[in-house]
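Please open the model in your viewer and keep the selection panel at hand. The tour below moves from one selection to the next and says what is to be found at each stop.

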Amino acid sequence: MEPGKLSTSIDAAVPTAARMYDHYLGGKDNYASDRAACEELDKVVPSTRALAVNNRRFLQRAVRTLAGEYGIRQFLDHGSGLPTQNNVHQVAQDIDPESRVIYVDNDPMVLVHGRALLDQNDRTAVIHADMRDTDGIFDHPDTQRLIDFSQPVAVLFNSVFHCIPDSDTDGPLAVARRVRERLAPGSFILMCQLVSEDPEVRKFVTEFMDQATQGHWGRVRQEKDVEEYFEGLEILEPGLVEVSTWRPDNEVAPRQQTMEWIEFGGIGRLPQ
């Protein structure tokens, strides 16, 4: 497996999924091209902003659950995106300050902002890598410094698998299986992605995002595809669901007015 060469320059004219997500969450680290792409996307899938907010809240609940109920103190966050409020390390370290987090992203803007944010936090690091490069990520000096793979780890693939195309060696299923081989028994894997049961929605969004991001996209899939990622794992309750319904808390979440696509997934645990 040889993921494409990573870019170290920021092209403001080409939208990225990370910056579009940042815009939907109300962030400031995005450009006119990202906002224009979101505007066009909203014409066909108007629920996307609410979907993004609910996905972020799912991530926070999931990390809180893994740290608070299952005692996980090590997190490896693939495709982490731009820093926002209540990042993985903030949620985990609020439960235990000794929690350790590695963020992974291929967007150079994420690297710059993430490292600036984490400059004073010696239990957290950001590495510039393709999420498909499992060996490069697991063997990276920062990962080796912070993560003890002989102990349970929580690996996060939150709303990122739709960003990579299908492939026998680099597709989501292959990546999930490769990561699983590197983890200790009792580790957890969070996986969710954008899905639609409407073939027209899948076709439009996949083609639109592929063109807008100049090929940095995979495809919108179906629920059955995500279910395949979890084969052989013990799936935590309430199972694989639309993520706003995964152990909801008391916060009032924005409601998706339409359900032409959803964020679908959950958390699986490796057999002990």
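Against which helices do the buried residues of H2 pack? Bear in mind throughout that this is a predicted model, and begin by selecting helix H2, residues 32-44. Its buried residues are Ser33, Asp34, Ala37, Cys38 and Leu41, and they cover an arc of only 135° around the axis, which puts them on the same side of H2. These buried residues pack against H1, H3 and helix H9 (199-212). Turn the view to the face of H2 that points away from the buried side, and there you will find the exposed residues Ala32, Glu39 and Lys43.

Next, select two of those partners together, helix H1 (residues 17-24) and helix H3 (residues 48-68), which pack at an angle of about 95° with their axes 9 Å apart. That angle makes H1 roughly perpendicular to H3. To see the contact itself, show the side chains of Tyr21, His23 and Tyr24 on H1, and of Thr48, Arg49, Ala52, Val53, Asn55 and Arg56 on H3. Sorted by class, the contact of H1 with H3 comprises four nonpolar, three polar and two charged residues.

Now turn to the aromatic rings, for which a search of the whole structure finds six pairs. Select Phe161 and Tyr229, whose ring centres lie 5.1 Å apart with their planes at 75°, so the pair is edge-to-face. The pair links distant parts of the chain, 68 residues apart, since Phe161 sits in the loop between strand E4 (154-158) and helix H8 (172-181), whereas Tyr229 belongs to helix H10 (residues 223-229). Phe161 is buried, with a relative accessible area of 0%, and Tyr229 is likewise buried, at 4%.

Ser159 is buried, with a relative accessible area of 16%. Then move to the loop between H9 and H10, where Gln214 lies; Gln214 has a positive phi of about 55° although it is not a glycine. Is Gln214 buried or exposed? With a relative accessible area of 58%, Gln214 is exposed.

For the last stop, select Glu237 and Pro238, and inspect the peptide bond that joins them, which is cis, with omega near 10°. Pro238 is found in the loop between strand E6 (234-235) and strand E7 (241-242).

Terms used
Residues numbered from 1 in each chain as written. Predicted model: local features only at pLDDT ≥ 70, side-chain atom pairs only at ≥ 80, totals over all residues. Heavy atoms only, no water. Axes fitted to C-alpha atoms, helices over the stretch in contact; angles between N-to-C directions. Helix = DSSP H or I, 4+ residues; strand = E, 2+ residues; numbered from the N terminus. Parallel < 35°, antiparallel > 145°, perpendicular 65-115°, else oblique. Contact = heavy atoms within 4.5 Å. Nonpolar A, V, L, I, M, F, W, Y, C, P; charged D, E, K, R; others polar. Buried < 20%, exposed > 50% of the residue type's maximum accessible area, 1.4 Å probe, protein only. Arc of directions from axis to C-beta. Phe/Tyr/Trp six-rings, centres within 6.5 Å; stacked < 30°, edge-to-face > 60°.
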